[in-house]
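Biologist: Before we discuss this model, could you place it on the screen and then take me through the chains and their contacts step by step?

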Amino acid sequence: MPTKIEKDEISGQQTTGHEWDGIKELDTPMPKWWVYTFYATIVFSAVYFVLFPSVPFVNSYFGGILGYNQREDVARRIEEAAAEQAPFMRRIAAATLEEIRGNPELLTYAQIGGRIAFNNNCAPCHQVGGAGARGYPNLADDDWLWGGRLEDIHQTIQYGIRNSDDRSRQSAMPRYGADRILDQRQIGDVAEYVLSLSGRAEDAERAARGAQVFAEQCVACHGERGEGNRELGAPNLTNAIWLYGGDRRSIVETIHNARNGAMPAWEGRLDAATIKMLSVYVHALGGGE
Amino acid sequence: MKAAADEREHEDIVAAGRPKVVETPAGPLYASRVRIYPRGVSGFYRNIKWAVLALCLAVYYVTPWIRFDRGPGAPDQAVLLDITNARGYFFWIEIWPQEIYYLTGLLLIGAVGLFLVSSLFGRLWCGYTCPQTVWTDLFMLVERWIEGERHQRMRLDRAPLSAAKFARKSAKHAAWLLISLTTGGAWIFYFNDAPTTMVEVLTGQSSLKLYFFVGLFTATTYVLAGFAREQVCTYMCPWPRFQAAMLDEQTLTVTYQAWRGEPRGKHKQGDSWEGRGDCVDCRACIAVCPTGIDIRDGMQLECIGCGLCIDACNDIMGKVGRPRELITFATLASQAERAKGHEAPYRLVRPRTIIYATMLAVVAGAMLAALLMRADVTLTVIRDRLPLFVTLSDGSIRNGYTLKIGNKAHEEREFRVRFDGAAAAGAEISLGEAAGVSGESVAVRADSVGTVRVYARLERAAVKAESLPVDIVLLDRTGREVARERTVFRGPAGRP
């Protein structure tokens with residue numbers, strides 16, 4: 001600390017007493033507008049401290065005398081949005097699926113609302129846009145395990161597939177290999193026959209043997225020509241769409257262990273109107289019947 | 001020649017070695033503003049300035065009230081920037097937000113036009129048409145009416161506060177605020193329907209937002225035209241700073257003809273004019289200057305080129321019986337010639353003006369072409385990315401597209417969708433279920449954007465590559481193509 005205030009000879013400005021190689025630092029005051037702005041920010045922060053949540057305590061915090069709370073703010077905005085949507089949601093809840101389809105206003109609302117609900121709830125398995133993945137059906141194609149009409153889709157979403165709800169869609173394929181119903185050779189034969197249904201068999205003799213096993217074990221669900229059965233969620237084995245893979249290895253694995261994919265019931269998790277909107281959205285993804 | 005160059009170099013070295021003389025500022029570097037009390041003046045340029053002022057104010061206040069019938073469902077205001085509904089209207093032109101480049105074009109035309117005018121005639125914009133100039137001039141007029149002429153105003157400001165002074169000052173500020181309020185009030189009419197907004201604002205039914213903007217523009221008008229004045233031009237406005245780049249020695253500027261005026265000095269009636277200049281050092285040019293400068297010091301940043309000093313000087317020259325136009329609009333080049341006694345013609349056509357004029361013509365031409373070829377249908381194609389493509393049960397491949405169809409007409413229109421291109425031959429097209437879709441056609445409401453899903457299906461054998469270029473074409477009811485957009489049809493990797 002310089003005890004004596006030193007003035008710079010040339011400018012007459014007082015110095016800070018700091019010197020580097022003969023160059024002295026001038027103690028030029030801050031511009032007034034800057035200093036006053038700085039003081040204003042201090043005043044602002046003091047006022048802010050009192051008005052808004054500021055000081056943290058151990059288990060709580062000082063909430064500010066305005067009582068403002070961001071969580072409550074968000075909750076209020078969500079409530080406001082819900083209140084705005086309520087008239088539409090009531091109309092959709094009251095309307096039948098066909099009535100929604102027939103009303104341009106409700107159809108547009110349901111398609112947009114359905115898309116949002118789908119992305120929030122269904123996309124983790126079925127992917128955005130219903131693209132599907134191995135084990136999770138593509139909802140944009142024209143192949144439906146349990147039916148692709150609006151009411152079929154609605155029922156599937158509402159009650160789910162192979163879950164603990166009694167009203168869910170139920171069926172089970174036996175584990176032909178794991179439970180020793182068929183031996184390895186027979187499973188190979190059936191797989192060859194299944195490949196032949198979509199014209200891809202390599203060994204006609206083996207496929208013929210497999211056809212006999214198929215007739216005994218599989219036709220009950222998959223039909224005489226492997227065309228499937230929507231009542232039982234049994235897939236069509238003759239077309240180009242394979243939920244778990246259509247190569248020989250995947251088919252053998254399916255026969256050996258069975259698959260029996262499950263889907264939760266959405267009734268109770270989502271309200272009735274949302275389930276209807278989801279049905280309309282999924283139906284319009286491109287494969288609706 | 002070489003010897004001379006060597007000597008110069010030697011001089012430089014000697015100069016560099018000498019100790020520098022440091023000039024120390026005598027006082028603080030900050031200088032307070034000196035208040036300017038411009039005197040009233042009359043004359044040719046003042047009359048032009050009044051006329052331009054009246055025209056500019058008239059255009060500003062009247063424009064929002066011009067009606068223009070666009071049919072039902074559309075506003076009937078000729079010039080309207082409808083922020084809420086995201087539409088801009090200018091007589092028969094209607095623009096959507098995505099056509100904001102029209103505004104860019106307009107600004108470009110404005111900028112290049114300003115360049116051209118500046119390089120031809122100097123700071124006409126600053127001196128006559130700039131809103132800062134127009135409103136400051138208006139405020140000074142009011143000031144003169146209420147507080148009197150230059151000397152009276154100076155005396156009033158020096159006088160101690162009295163009832164009379166308070167009354168005059170209050171009257172002036174009240175008048176200024178009233179003008180500011182009507183200025184701020186008129187501004188919002190450009191963004192809202194003028195007649196209804198006028199009633200709402202006056203009856204207190206308008207939104208807080210509108211009152212805020214009225215207040216904001218009232219405040220800026222009051223502060224900028226009442227107090228900031230020439231400081232806006234000198235310190236705030238960027239235009240005078242880079243305007244120098246447009247000016248050259250052939251540009252008209254307000255010029256004190258020093259060759260004629262110097263040496264200046266007081267002149268008594270009857271004295272000889274021999275051996276002296278015409279300038280009688282009456283300082284009339286300084287008294288009338290709205291930015292308070294002495295034009296006799298030559299071209300200056302502060303000079304806005306209004307020419308009021310010319311009127312003031314002409315008046316004096318008339319009185320002392322010397323030729324007018326001692327101060328005049330002239331070019332640097334012509335001054336240099338006239339100082340030598342030659343006449344110098346004013347050259348309008350110069351490379352600079354040719355370049356600016358060409359630029360102006362190009363930009364204006366491009367704008368006009370864009371406007372004439374403006375499509376009233378827009379098509380945006382959003383390809384599905386998830387799923388990229390769908391394999392259907394018969395093995396064929398289907399792609400989904402979302403079309404956004406903008407119908408800029410004031411009537412509902414029906415469109416049909418076609419796929420075009422070699423790859424799209426044999427494609428089976430279907431429209432997704434949506435409001436407005438019936439069978440093969442989709443209806444889009446007037447002046448809005450409609451959304452429709454389109455599916456295209458190709459046999460697996462026809463999908464010969466992962467990505468096939470296709471065009472999506474929009475046909476109107478008569479089968480005429482109104483929009484086309486290039487996109488692709490995606491399929492699985494590998495040959496079928």
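Biologist: How many helices and strands does the secondary structure of chain A come to?

Modeller: This is a predicted model, and what I give here is computed from it. From the N terminus on, the elements of chain A run β-β-α-α-α-α-α-α-α-α-α-α-α. Counted by kind, the secondary structure of chain A comes to 11 helices and 2 strands.

Biologist: What is the radius of gyration of chain A, and what does the globule rule give for its 289 residues?

Modeller: Along the principal axes, the C-alpha atoms of chain A fill a box of roughly 110 × 55 × 40 Å, and 27% of its 289 residues count as buried. Chain A is more spread out than a compact globule, because the globule rule gives 19 Å for 289 residues, and the radius of gyration of chain A is well over that, at 35 Å.

Biologist: Among the contacts in chain A with a separation of 6 or more, what percentage comes from residues 24 or more positions apart?

Modeller: Here a contact requires C-beta atoms, placed from the backbone, to lie within 7 Å. Among the contacts of chain A with a separation of 6 or more, the share that residues 24 or more positions apart account for is 54%.

Biologist: Which elements give two or more residues to the side of chain B that touches chain A?

Modeller: On the chain B side 19 residues are in contact with 21 residues of chain A. Those of chain B divide into 8 nonpolar, 7 polar and 4 charged. The elements of chain B that give two or more residues to this side are strand S7 (390–391) and strand S8 (397–407).

Biologist: Are helices H5 and H9 of chain B roughly parallel or roughly perpendicular?

Modeller: Helix H5 (residues 131–147) and helix H9 (residues 208–228) of chain B pack with their axes 8 Å apart, at an angle of about 75°. The contact is made by B:Gln132, B:Trp135, B:Thr136 and B:Phe139 of H5(B) and by B:Thr221, B:Leu224, B:Ala225 and B:Gly226 of H9(B), and these residues divide into 4 nonpolar, 4 polar and no charged. Because angles of 65 to 115 degrees count as such, the relation of H5(B) to H9(B) is roughly perpendicular.

Biologist: In S3(B), which residue is the bridge partner of B:Gly88?

Modeller: In chain B, 3 strands form an open antiparallel sheet in the order S1-S2-S3, with strand S1 (79–82) and strand S3 (93–95) as its edge strands. Strand S2 (residues 87–90) of chain B is joined to S3(B) by 3 bridges. In S3(B), the bridge partner of B:Gly88 is B:Ile95.

How values were computed. Residues numbered from 1 in each chain as written. Chains lettered and ligands numbered in written order. Predicted model: local features only at pLDDT ≥ 70, side-chain atom pairs only at ≥ 80, totals over all residues. Contact = placed C-beta atoms within 7 Å. Helix = DSSP H or I, 4+ residues; strand = E, 2+ residues; numbered from the N terminus. Nonpolar A, V, L, I, M, F, W, Y, C, P; charged D, E, K, R; others polar. Axes fitted to C-alpha atoms, helices over the stretch in contact; angles between N-to-C directions. Parallel < 35°, antiparallel > 145°, perpendicular 65-115°, else oblique. Pairing = 2+ DSSP bridges. Rg over C-alpha atoms; globule rule 2.2 N^0.38 Å. Buried ≥ 20, exposed ≤ 12 C-beta atoms within 10 Å, placed from the backbone.
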